[in-house]
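Have the sequence and the 3D view open and follow along.

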Amino acid sequence: MQVNEREKLEQRALKFSILGAAFFAVIGIFYGLYTHSQSILFDGVYSCISLVMSGVTLWVSKLVVRPDDKRFQYGYTHLEPLLNVIKAMIISATCLYAFTEAVASFLDGGRDVELSSAITYACISTVGSFTFGGIIYFYAKKVDSKLAKIDAVDWLFDGLLSAGILAGFSLAYAVRESEWSQYIPYLDPLLVMILVALFMPIPIKIFHSNIREVLYLAPSQSLQQRLHDNIKASLAAVGLDSFHLRMAKVGREFNLNVYVVMDASAQVSQVGDLDHIRQSISDNLQQVDTDSSSLWLEVMFTADERWVFD
């Protein structure tokens, strides 16, 4: 698939996500206020946050594919994990606030909810979330977009949560005239607490995986070893065995610096030989999956180990 086509499909998926977030923000807040349901209002407020973040995500998706310029001489790829970290922090803060409000409401005797309207919203939200999530995930897999995948997982999990709300309100509706009806007011804050508890692992996971890239932490030991073995084989072919690697994955770009220590036995007589070694390293690295769409490779040669940062 051509790069331009991939970018268009990614942005199409993100625009679709914005459309869905706007729709559910409106109906979520409306139904939440109308039914006096904290769980539905929480869903609407969360959709508002998703709407804003999806807009920023769309903007960032256009930036990260730009080439480097005079201001951002290393490109814009670092904005992608940075945005995901901010998104995870905002979602976590929203969840914690909703949880504390739900606990307070539960201890205060719960809330009376208009069950029939709440069930109507839960049906719309469940079907809509799975529909939007499925379509966005299809595009995300097709173009291998991390930004779109996070949005898709968010939608699909929101569908599961909506299904849980639907089940809870349906149960409450079924027992509304029984001896269990006295406990119905506690259901809504209890649902919020359960939803937050189930939802919190998602932003935590997003934060953990992306903060590594923001902080320029090294990739996994297994990937480091595969890269080391690959480059060692390339250099051994020309009689070189002393080198050091520095690497980090940032967004959709993988940065790799190779410091090669030359000695008297090296089979190099002119600058063109060094370029041949670079090309050999670059060609062999195509066999290693770095989970990135581009590789920023720098190969430096020196006879003085002072210039090798180990």
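Predicted model: local features only at pLDDT ≥ 70, side-chain atom pairs only at ≥ 80, totals over all residues.

Residues are numbered from 1 along each chain as its sequence is written, and side-chain values use heavy atoms, with hydrogens and water left out.

Let's zoom out. The chain holds 9 helices and 3 strands; here helices (H or I, at least four residues) and strands (E, at least two) are DSSP runs, numbered from the N terminus. Reading from that end, the order is α-α-α-α-α-α-α-α-β-β-α-β. The C-alpha trace spans about 90 × 35 × 30 Å along its principal axes. The chain's radius of gyration is 26 Å, whereas a compact globule of 310 residues would come out near 19 Å. That radius is taken over C-alpha atoms, and the globule rule is 2.2 Å times the number of residues to the power 0.38.

How many of the residues are buried? Of the 310, 46% count as such, where buried means under 20% relative accessible area, exposed over 50%, and partly exposed in between (1.4 Å probe, protein chains only). As for contacts (heavy atoms within 4.5 Å), take those between residues at least 6 apart in sequence: 75% of them join residues at least 24 apart.

Now move in on helix α1, residues 3–35, where you'll find Phe-30. Phe-30 counts as exposed because its relative accessibility is 52%. Its C-alpha atom is 8.0 Å from that of Leu-41, which is 11 residues away along the chain. In the loop between α1 and α2 sits His-36. His-36 isn't a glycine, yet it has a positive phi of about 60 degrees. With a relative accessible area of 44%, His-36 is partly exposed.

Helix α2 (residues 38–63) packs with helix α3 (residues 79–107) at an angle of about 175 degrees, their axes 11 Å apart. That makes α2 roughly antiparallel to α3. For the record, axes are lines fitted to C-alpha atoms, for helices over the stretch in contact, and angles run from 0 to 180 degrees between N-to-C directions; under 35 degrees counts as roughly parallel, over 145 as roughly antiparallel, 65 to 115 as roughly perpendicular and the rest as oblique. Among the residues that meet are Phe-42, Tyr-46 and Ile-49 in α2, and Leu-83, Ile-90 and Ile-91 in α3.

Next, look at Ser-129 in helix α4 (residues 115–143). Is this serine buried or exposed? At 0% relative accessibility, Ser-129 counts as buried. Setting aside neighbours within four places in sequence, Ser-129 is in contact with Phe-24, Trp-155, Asp-158, Gly-159 and Ser-162.

Further along, Tyr-216 lies in the loop between α7 (201–214) and α8. Tyr-216 has a positive phi too, near 60 degrees, and is partly exposed at 47% relative accessible area.

Our last stop is helix α8 (residues 221–236), which packs with helix α9 (residues 271–285) at about 140 degrees, with axes 9 Å apart. That makes α8 oblique to α9. Residues that meet include Leu-227 and Ile-231 in α8, and Ile-277 and Ile-281 in α9.
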